[in-house]
Amino acid sequence: MKGKVVGKTPPDHARIVIVGGGVVGSSIAYQLALAGETDVVVLERGSVACGTSWHAAGLIMQLRGGHTSTEIASYNARFYPQLEADTGMATGFKQNGTLAIGRNMDRVHEMQRRAGVARSFGIETQTLTPAEVGALYPALDTGLVAGGLFIPGDGQLSPVDTVNALVKGARMRGVQVLEEIPVQALCRLPGGEYRIETPTETITCEKLILACGLWTRDLAAGLGARVPLFACEHMYVVTEAMDFVVPDLPVLRDTDGYTYMKEEAGKLLVGSFEPRGKPLPVDRLPTEQRFIEMAEDWDHFALPYSKAMEMVPALEHIGINRFMNGPESFTPDDLPCLGEAPGLPNLFVAAGLNSEGFEISPGISRALAYWIINGRPDMDLLDYDVARFHPFQVNRNYLKDRAAESLGGIFEMPWPFKEHETARPARKSHLHDRLAASGACFGETAGWERPMWFAPPGVQPKSEYSFFRPNWYAHTAAECRAARTGVVIMDISSFGKTMVQGRDACAFLQWLCVSDTDVPVGKLIYTHMLNPMGGIECDITIDRRALDCFIIYSSAGVHARDMNWMQMHIRADQHVTLTDVTAAYSVLNLQGPLSRALLQSITDTDLSNEAFPFLTAQEIDIGYARVLAKRQTFVGELGWELQIPSEFVQDVYDIIMAAGKEFDLKQAGYHALEHLRCERAYREFGLDLAPDDTPYEAGLGFIVKMDKPDGFLGREALLPQAGKVLQKRMVNFMLNDPEPALFHDELIWMNGEKAGYLSSGAYGFNLGAAVGMGYVRHPDGVSADLIANAEFTIEIGCENHPAKASLKPFYDPKGGRVKS
């Protein structure tokens with residue numbers, strides 16, 4: 001603003017205001033400035049980095065457990081040298097490498113799987129024997145080491161120096177970074193702008209970004225935004241000087257021992273992510289909330305430090321120079337809160353980085369800057385989207401209980417299908433007690449307790465995890481075989497249900513969906529909602545209940561996000577309302593070749609093909625209930641999903657179970673659902689479908705109605721793909737060897753070259769081998785001929801396994817069973 005001193009006095013108005021001057025806020029400011037957005041103001045209540053950034057360990061790792069998270073994280077090793085070159089300021093960044101060690105073979109296998117992800121991105125890794133680990137880090141007791149993974153391009157930096165470099169880079173381009181200006185209140189104005197009140201100034205802005213760490217939750221709540229995070233005490237110690245601690249000593253990650261260690265000016269910094277953290281309510285923070293240091297807690301730190309002394313025996317004989325205990329914020333799922341807040345246009349959140357701020361800030365700030373400027377992200381940020389959270393997840397009791405586990409989750413073994421143990425149960429179906437009495441072993445999604453598998457009499461319903469054969473495999477196999485040869489029942493009440501009503505409901509859905517939604521009442525539609533780039537934002541089923549009423553069905557984990565996507569696209573002149581009716585209706589899923597016979601035995605409605613075709617819905621009578629029966633499947637068999645008013649579901653369930661004895665009815669869980677849908681190659685949103693995948697790339701072009709009179713959102717982006725052989729295409733795989741298991745993120749090799757990775761995988765109990773699916777990429781196009789004539793292998797833990805490949809499912813490729 002004219003007449004004001006840049007960097008000293010706040011303006012009356014700015015295009016963009018960022019609240020928070022730590023590594024996240026300063027990174028976003030820098031990325032915005034690089035992109036040409038300079039009408040930006042950063043407000044920091046103290047001095048930059050004084051919140052939690054100043055006490056960070058400053059570790060830099062490029063590799064994560066999956067491809068999307070690694071794409072975000074791996075940018076850091078390229079970014080920090082560029083930052084130094086741009087600003088002329090040292091960040092302390094050095095690439096002394098990360099040495100990850102495993103104390104058991106399960107951990108070694110997990111590291112080998114990560115090495116496969118690294119190869120996708122060209123990240124150099126070295127898998128090491130215990131002897132090679134000892135040669136690289138002589139202070140270790142290699143008798144405790146089963147193997148290691150060395151990543152030479154990783155390293156460490158100086159947190160405060162790095163934030164100062166980011167601030168300088170932003171200021172060089174005209175961004176105002178203002179210190180000692182606390183934000184007291186936020187308000188959204190009727191015109192859509194935001195007002196920020198400070199002790200001396202009032203500032204308005206077009207776009208507001210909250211990047212204030214553990215304080216973001218309460219600040220966002222004042223605007224009605226949900227940002228579920230909670231602080232924990234994060235502890236590390238710095239030893240006295242030690243002879244083996246040289247400048248190029250690798251960062252050590254002993255995740256089985258809950259500790260990390262790094263060189264710190266000739267001393268050793270030993271930090272931890274212990275199995276259960278120590279939650280810290282905001283009201284227990286000191287009054288002066290700058291450069292916070294909590295009291296030492298050796299009782300809590302004793303376990304990880306004892307593990308550190310086991311691995312590095314020299315620690316037993318060295319003194320402690322400093323004990324650091326500072327707050328860090330954690331989210332319920334250990335993933336950041338990023339993106340535009342639901343229901344609050346132009347309010348963006350970047351918080352809850354789970355003690356990994358310096359590792360992932362470069363990647364998420366670049367992605368968020370693009371989103372802020374262009375109105376949409378340019379990459380898959382589905383896992384990080386703040387819109388994923390449900391209303392109950394800002395409950396402080398829930399957050400406090402889950403935060404302790406989230407801290408430990410940073411180093412916990414990332415088993416396939418690992419379930420959270422804390423903050424449960426939160427949400428239970430009306431059948432929970434009946435299912436528990438039947439031997440259900442429960443998992444949790446979006447707070448819902450869901451049966452994952454059923455233990456037969458004499459077997460404890462408790463999951464034992466494995467990368468090979470978890471203890472539920474035999475029981476899930478029996479459930480899967482029953483679905484293919486007999487009949488199974490599943491409680492899928494947790495699936496999201498959104499009622500779309502109003503005069504303009506049909507026109508609204510016609511524009512948002514790729515399929516024709518103006519269908520007769522009772523017709524079911526499987527469809528997608530796209531972004532302007534043609535990427536899939538929602539993967540849903542629609543049931544038309546009346547001319548002005550539709551029910552949208554979503555997966556439980558993305559239901560909140562789906563509702564937000566629809567809400568943000570309702571125009572001001574449209575008469576459309578959205579209502580979450582998930583809890584009002586329970587759903588029983590009856591699937592298998594005997595499902596018709598069983599269901600016909602308890603209702604007088606004609607269930608024949610002629611009277612009740614596939615992908616239609618009718619109301620039927622069961623007991624005293626009126627049940628909406630939908631003939632559809634996600635397992636690839638004849639079946640019905642029975643939507644029942646929740647107050648009637650217990651009686652309907654009892655009737656089905658009693659009648660089912662004649663048909664050898666089996667109860668099945670969500671593990672069976674996963675294995676069955678992978679056999680049939682049904683895609684799942686969040687795994688196989690994401691905002692950077694199109695329906696044609698996913699092999700789902702048959703649902704796209706390109707000739708709808710008024711088009712649909714994303715149609716123009718799809719035009720070049722329609723009817724073409726694409727360079728990216730979903731392909732199905734089945735291993736030749738019946739022994740290995742597949743989960744996801746395994747590398748796909750085609751004719752000896754990297755061609756993609758699996759988005760989903762599961763053992764095909766009815767096929768006799770593991771199956772998976774993933775996008776294959778080829779510059780000349782992924783055609784049926786290419787797939788038929790190429791040789792494929794799937795990499796599992798650094799070993800390649802030959803596989804068959806097909807554009808069609810390996811189970812029932814013609815899809816006849818669902819229409820039988």
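Select R103 and E310: their side chains form a salt bridge, with the closest N and O atoms 2.8 Å apart. A salt bridge here is a side-chain nitrogen of Lys or Arg within 4 Å of a carboxyl oxygen of Asp or Glu. R103 sits in the loop between β4 (98-102) and α4 (105-120), and E310 in helix α8 (residues 298-311), so the pair ties together parts 207 residues apart in sequence. Helices (H or I, at least four residues) and strands (E, at least two) are DSSP runs, numbered from the N terminus. Colour E310 by accessibility: E310 is partly exposed, with a relative accessible area of 35%. Buried means under 20% relative accessible area, exposed over 50%, and partly exposed in between (1.4 Å probe, protein chains only).

A note before moving on. This is a predicted model, in which local features need pLDDT of at least 70 and side-chain atom pairs count only at pLDDT 80 or more, while totals for chains, interfaces and linings use all residues. Residues are numbered from 1 along each chain as its sequence is written, and side-chain values use heavy atoms, with hydrogens and water left out.

Next, select R113 and E746. Their side chains meet in a salt bridge (2.8 Å, N to O). R113 is in helix α4 and E746 in the loop between β33 (728-735) and β34 (747-750), so this pair links parts of the chain 633 residues apart. R113 is buried at 15% relative accessible area. E746 is buried too, at 2%.

Now go to K278 and D297. Their closest N and O atoms are 2.5 Å apart, in another salt bridge. K278 lies in strand β16 (residues 278-279) and D297 in the loop between β16 and α8, 19 residues apart in sequence. K278 is partly exposed at 24% relative accessibility, whereas D297 is buried at 13%.

Then show R107, E110, R114 and D256 together. Salt bridges link these four in a network. The total count is 49 salt bridges.

Last stop: helix α1 (residues 23-34) and helix α9 (residues 357-374). They pack at an angle of about 45°, with axes 8 Å apart. Axes are lines fitted to C-alpha atoms, for helices over the stretch in contact, and angles run from 0 to 180 degrees between N-to-C directions. Show side chains at the contact (heavy atoms within 4.5 Å). On α1, pick V23, V24, S27, I28, Q31 and L32. Their partners on α9 include F358, P362, L368 and I372.
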